[in-house]
Amino acid sequence: MVRKPTSKKTARKPNMREAILAAAEELFATNGFNAVSVRDIAHAAGANPGSVTYHFTTKDGLLLEIYRRHCGPMNLRRSELLAAAKRVRDLQDRLEAIVRAYVVPAFTSGSDLAGGGARFTRLRAVMSAEGNEVARKIIAQTFDDTSHAFIDAVHESVPHVPRTEIVWRSHFLLGALYYSLVTPDRVSRLSRGEADGSDAASAIEQLVQATVAAFQAPALDQAAPARRRPVTSKT
C-alpha cells in the first residue's frame with residue numbers, strides 16, 4: 001500500500017507543476033517507483049491525473065525531470081571542482097582533491113535544490129536498489145558522463161591500479177555516500193554519541209580520507225603473495 005506524504009494539504013496548489021514534482025519525489029523516495037501510480041501522485045499533489053500527464057506526459061518523464069532538476073547543478077559543480085583538482089601537481093594532493101570534488105557537492109548542497117537533500121538521496125538509493133529498467137536508464141543518462149570523468153581522473157593519479165578496480169572502488173564510494181547521507185544517526189548510535197553522524201564536515205573528511213586510502217591500495221594481483229606452505233623434507 002502506497003504511503004502518502006505526511007502533509008494533509010490537498011488543496012490545489014498555485015504552481016501545480018512544482019506541487020506534482022514535490023509529491024512524486026516524496027512518494028518515490030518512500031515507496032519506490034514501481035509501487036506509485038500517476039493517480040497516487042495526483043492525489044498527493046491535490047491535482048487530477050490529467051495534470052500529471054499534461055506537465056510530464058508519463059511517470060517516466062516525471063522521474064527524469066526530478067533527476068534533471070536536482071542533478072544538473074550538482075554534476076556541474078562536480079565538473080568544476082574536478083577540473084580544478086586535475087591541475088594539482090602533487091599526485092597525493094591531486095587524488096584527495098579529485099575525491100573531494102565528487103563528495104563535497106552531495107553534502108554542501110544537501111539543503112537546497114541543487115543537491116537534493118536527504119529526500120532525493122533516499123530516492124536515489126531506492127531507485128538504485130529497486131532495479132527498475134526505467135530508473136536504470138535515467139540514472140545512467142544522468143550520471144555516467146561525470147562518473148567516467150571521475151574514474152578517469154582517479155586512474156591518472158594512481159596509474160598502477162587497473163581502471164576496472166577503480167570502478168569497483170568508486171562503486172563502494174557511492175554506496176558509502178548514500179548511506180552517510182541517508183542514515184547519519186547510525187554513526188551517532190554506534191559511536192555511543194562520541195561522533196555526530198549529522199556533522200557534514202566530519203562526514204566529508206572521513207569519507208574522503210577512507211576513499212583516498214582505498215584508491216591507493218595495491219591492485220588485487222599486486223597484493224602481497226600468500227604465504228607458501230613450508231617445504232617438508234622427504235625421507
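**View 1. Crossing of helices α7 and α8.** The axes of α7 and helix α8 (residues 163-182) approach within 10 Å and cross at roughly 120 degrees in this predicted model. The two helices, α7 and α8, are therefore oblique to each other. The crossing in which α7 passes α8 is right-handed. By class, six nonpolar, three polar and two charged residues make up the contact of α7 with α8.

View 2. Thr 146 belongs to α7, which spans residues 133-157. With a relative accessible area of 15%, below the 20% limit, Thr 146 counts as buried. Its side chain reaches the backbone oxygen of Phe 143 at 3.0 Å. When neighbours within four places in sequence are left aside, Thr 146 is in contact with Asn 75 and Ser 79.

**View 3. Glu 130 and the segment around Asn 34.** Glu 130 lies in helix α6, which comprises residues 117-130. The relative accessible area of Glu 130 is 26%, so this residue is partly exposed. Neighbours within four places in sequence aside, Glu 130 is in contact with Asn 31, Gly 32, Phe 33 and Asn 34. Glu 130 and Asn 34 are 96 residues apart along the chain, and their C-alpha atoms are separated by 8.3 Å. A polar atom of the Glu 130 side chain lies 3.2 Å from the backbone nitrogen of Asn 34.

Definitions and conventions: Residues numbered from 1 in each chain as written. Predicted model: local features only at pLDDT ≥ 70, side-chain atom pairs only at ≥ 80, totals over all residues. Heavy atoms only, no water. Helix = DSSP H or I, 4+ residues; strand = E, 2+ residues; numbered from the N terminus. Buried < 20%, exposed > 50% of the residue type's maximum accessible area, 1.4 Å probe, protein only. Polar contact = N/O pair within 3.5 Å; in protein donor to acceptor, adjacent residues only side chain to side chain. Contact = heavy atoms within 4.5 Å. Axes fitted to C-alpha atoms, helices over the stretch in contact; angles between N-to-C directions. Parallel < 35°, antiparallel > 145°, perpendicular 65-115°, else oblique. Left-handed = near helix turned anticlockwise from the far one by under 90°. Nonpolar A, V, L, I, M, F, W, Y, C, P; charged D, E, K, R; others polar.
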